[in-house]
Amino acid sequence: MTTLFISDLHLSPSTPATTDCFVRFMRQEAVHAEALYVLGDLFEFWIGDDDRSEFAEQIRTEFKTLTDSGVACFFTQGNRDFLVGKRFSRQTGVTLLGDETVIDLYGRKALVLHGDTLCTQDVKYLEYRKKVHQPWLQWLFNRIPMRYKKKIVSKIQSDIKTDKKTKSLDIMDVTQSEVEIVMQVYNVDLMIHGHTHRPNVHTFKTDQTVCTRIVLGDWYTQGSVLIFDKNDFELQQRPFSG
Ligand code: LP5
Ligand code: MN
């Protein structure tokens, strides 16, 4: 049996090739797995669980079909879908995880997270994150009619568009010292995350322990999947052309 990890699909009605690849992945591959972990940024932006668009419905249905078939499915919020909530979970059968979760991977402890919180040099982003994660603000936002929420989000998106372009690539990568601290706090030697769109397997030593940090890839030009079984793991790509 296998456990699959994906993140950073950025699903949106305007990128149908990604959606097609995702649908194929769910129906032909994930369905044969033991578990699927989605580590954030599944959506380009999730405006709230009250999204009744055909697109939102299509994605919910894919997850519901998967969990109904017996595949355990877990979701960690990303910086673009931090408003995925309990209703989404109820409707799809997907279990929502906290920001940082230790899981048992065939006898090995692994810390799974989106990865944005590891980028401690990106101070402006972390300040913004703190604001939009305030429970009272989310409570309020979730009660605003959909058409106004859309306006607010596009206004903020256009306001901050140039901000990211001014940041160095270094600032937007994880801070190694933070990675080591977090892994020590959770007492793990394996970490899996997305967010940076820099798929790779990093190994490093802390004290006498060899640690592994696996970074998942985005789905901009191909699918990207981490496959784990009891013996090994592999980061693989899936072509869009299917
Ligand atoms: O995802 P990616 O890689 O493109 O960029 C991220 C960070 N950007 C974001 C922004 C979101 O994608 C879009 C935000 C829409 C806003 C919706 C808010 C709705 C309100 C909900 C209230 C409950 O996550 C980017 C990182 C990058 O990752 C690192 O790889 O750098 O961060 C930014 O660009 C953020 C800016 O640096 C700071 C922006 C300050 C904006 C202040 C707005 C305050 C809003 C207050 C709430 C109403
Ligand atoms: Mn992200």
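Okay, some housekeeping. Residues count from 1 along each chain as its sequence is written, and chains are lettered from A and ligands numbered from 1 in the order in which they are written. Since the model is predicted, local features need pLDDT of at least 70 and side-chain atom pairs count only at pLDDT 80 or more, while totals for chains, interfaces and linings use all residues; side-chain values use heavy atoms, with hydrogens and water left out.

Let's start with the ligand. How many residues surround ligand 1? There are 20, where being near means having a heavy atom within 4 Å. The closest are Asn79, Arg80, Asp122, Asp163 and Lys167. Sorted by class, we get 10 nonpolar, four polar and six charged residues. Here Ala, Val, Leu, Ile, Met, Phe, Trp, Tyr, Cys and Pro count as nonpolar, Asp, Glu, Lys and Arg as charged, and the others, Gly among them, as polar.

Which helix gives the most to this shell? That's H6, with six residues. Helices H4 (123–132), H5 (135–141) and H6 (146–165) each supply at least two. Helices here are DSSP runs of H or I, at least four residues, and strands are E runs of at least two, numbered from the N terminus.

Now the polar contacts, meaning N or O pairs within 3.5 Å. Asp122 has a polar side-chain atom 2.6 Å from a ligand 1 oxygen, and the Asp163 side chain also puts an N or O atom 2.6 Å from an oxygen of ligand 1. For Lys164, the side-chain distance to a ligand 1 oxygen is 3.0 Å. Taken alone, ligand 1 exposes 1,000 Å², and the protein buries 85% of that; those areas are Shrake-Rupley with a 1.4 Å probe.

Over to the sheet. Six strands make an open, mixed sheet in the order E4-E3-E2-E1-E10-E11, with pairing called when DSSP finds at least two bridges between two strands. Its edges are E4 (95–96) and E11, each pairing on one side only.

Do E10 and E11 run parallel or antiparallel? Antiparallel: seven bridges join E10 (residues 222–228) to E11 (residues 233–239). Together E10 and E11 form a hairpin with four residues between them, and Phe228 stands opposite Phe233 in E11.

By contrast, E1 (residues 3–6) and E2 (residues 35–38) pair in the parallel sense, over four bridges. There, Ile6 has Val38 in E2 as its bridge partner.

Methods
A polar contact is a pair of N or O atoms within 3.5 Å; within protein, one must be able to donate a hydrogen and the other to accept it, and residues adjacent in sequence count only if both atoms are side-chain atoms.
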